Amino acid sequence: MANASWVFTPTLPHLNRKRISSSVAIFRSGLYSPDAISKRISCASTARGADKLSSNESRPARLVGKGCKLVGCGSAVPTLQISNDDLSKIVDTNDEWISVRTGIRNRRVLSGKDRMTDLATEAAKKALEMANVHPDDVDLVLLCTSTADDLFGSAPQIQAALGCKGNPLAFDITAACSGFLLGLISASCYIRGGGFKNVLVIGADALSRFVDWTDRGTCILFGDAAGAVLIQACESEEDGIFGFDVHSDGEGNRHLNAGVKEHEIEGGINGPIEGFPPKSSSYSCVQMNGKEVFRFACRVVPQSIEMALQNAGLTRSDIDWLLLHQANQRILDGVATRLEIPTERVISNLANYGNTSAASIPLALDEAVRGGKIKSGETIATAGFGAGLTWGSAIIRWN
Ligand code: ACO
């Protein structure tokens, strides 16, 4: 980055009405010290190579790093709907068991030539339309997915499909059901760090392609979808990402994974070097210890939200909406009870879509915003959790 100049802005408005508890440093957990908050930084810079472009081609002013806010959302789901009754025709299960234990009644599944990337592109287009931002003005595309259409990542294909001129950076974030939450926080860090103004965060997954459809313990849970938000740099007075908390625990990987699996080659290869060339590989289906994942979620999610609230200088009573990764209605209910948040303040669309992994939070957000449930200026406690194990939460404001 060249020619950076730093400007300190004095206030963060949502904290004017709140007491800030401690004077600690920033960041892994999204901790904002009072000093750091009051010195929200804006950074003006010249993008590398921008001086070689004509004024028409110039990238938007690449600076900012003050506040960031959610200005648009969108979502897309496949057309094929699979009900619990449909599932009961292929595995030994029934609508009552699934709906009582999970809250799920239907899910959408990619079929035929449908691609995850197309859903993600559609969701992103809708988010841009709502935000009234042209694709050329997008600075960064973060595709949060564990089921990319391409081993090397699908974000650049979405950038191309959106028609973003100027080749903005686009890359994938792989963190399963925590993916969108981690993408949201990453976007805020890119913006606050300076140099990025409009960041598209897309959560999209097609776990139906990595589920064992003979395993009734997992196949009943998952569906496919995409959701997106546009995060935009703004003045500190409008800041809409107040605090966050993020973690991972690789020890817990044994409870939820879809590891690489080598293919047996008939007859084997008798090459001159033992073990070479390697066998080709693909990923195995989702392996899950449901009970352990359930316990993990009910334990860590309330703790993480409490921490994010503390980091934001807010309390439970400031939460208008609880928007969790949509994994199981009993997890949503358990977390809400622990946080003493009334049921009517909990966003849930599990019944219609099941667990759509990285898509679940932006899909539910989009429905709630477009349905008039979540209104401008309202505060949302959101949390993702899942494979990795990874988990995290953020306290955000809608638009
Ligand atoms: N239909 C009918 N019976 C079933 C089914 C089914 N689909 N699945 C399991 N059962 C049976 C079991 O065999 C067992 O029978 P048994 O008592 O005779 O042995 C009984 O029902 C109870 O099974 P449990 O596995 O103990 O059921 P549980 O109440 O734990 O519910 C579930 C299972 C729904 C998977 C739950 O554990 C869960 O939701 N866990 C969390 C999963 C999750 O949230 N994952 C999110 C992360 S995903 C990601 O990051 C990619």
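Where is asparagine 167 found? In this predicted model, whose residues are numbered from 1 along each chain as its sequence is written, local features need pLDDT of at least 70, side-chain atom pairs count only at pLDDT 80 or more, and totals for chains, interfaces and linings use all residues. Side-chain values use heavy atoms, with hydrogens and water left out. Asparagine 167 is found in the loop between H5 and E7; helices (H or I, at least four residues) and strands (E, at least two) are DSSP runs, numbered from the N terminus. Although asparagine 167 is not a glycine, its phi is positive, at about 50 degrees. With a relative accessible area of 65%, asparagine 167 is exposed; the term exposed applies over 50%, buried under 20% and partly exposed in between (1.4 Å probe, protein chains only).

A positive phi is also present at alanine 176, a residue other than glycine, with a value near 45 degrees. The loop between E7 and H6 holds alanine 176, which counts as buried at 13% relative accessibility. Alanine 176 is in turn one of the residues in contact with serine 357, where contact means heavy atoms within 4.5 Å. Leaving aside neighbours within four places in sequence, serine 357 also touches Cys177, Asp205, Leu207 and His325. Serine 357 is placed in the loop between helix H10 (350-353) and helix H11 (360-370), and counts as buried at 2% relative accessibility.

The structure holds three aromatic pairs. Rings of Phe, Tyr and Trp (its six-membered ring) pair if their centres lie within 6.5 Å, and planes under 30 degrees apart count as stacked, over 60 as edge-to-face and the rest as tilted. One of the pairs is formed by phenylalanine 171 and tyrosine 190, which is tilted, at 6.4 Å centre to centre and 55 degrees between the planes. Because phenylalanine 171 lies in strand E7 (residues 169-173) and tyrosine 190 in helix H6 (residues 179-193), this pair ties together parts that are 19 residues apart in sequence. The rings of tyrosine 190 and phenylalanine 196 have centres 5.1 Å apart and planes at 85 degrees, and the pair is therefore edge-to-face.

Two packed helices are described by the angle between their axes and the distance between the axes. Helix H4 (residues 116-131) packs with helix H5 (residues 155-162) at an angle of about 50 degrees, and their axes are 10 Å apart. The axes are lines fitted to C-alpha atoms, for helices over the stretch in contact, and angles run from 0 to 180 degrees between N-to-C directions. H4 and H5 are therefore oblique to each other, given that angles under 35 degrees count as roughly parallel, over 145 as roughly antiparallel, 65 to 115 as roughly perpendicular and the rest as oblique. From H4, Thr117, Ala120, Thr121, Ala124, Lys125 and Leu128 meet Gln157, Ile158, Ala161 and Leu162 of H5.

A further feature concerns the backbone. The peptide bond from glycine 388 to leucine 389 is cis, with omega near -10 degrees. Leucine 389 lies in the loop between strand E16 (379-386) and strand E17 (390-397).
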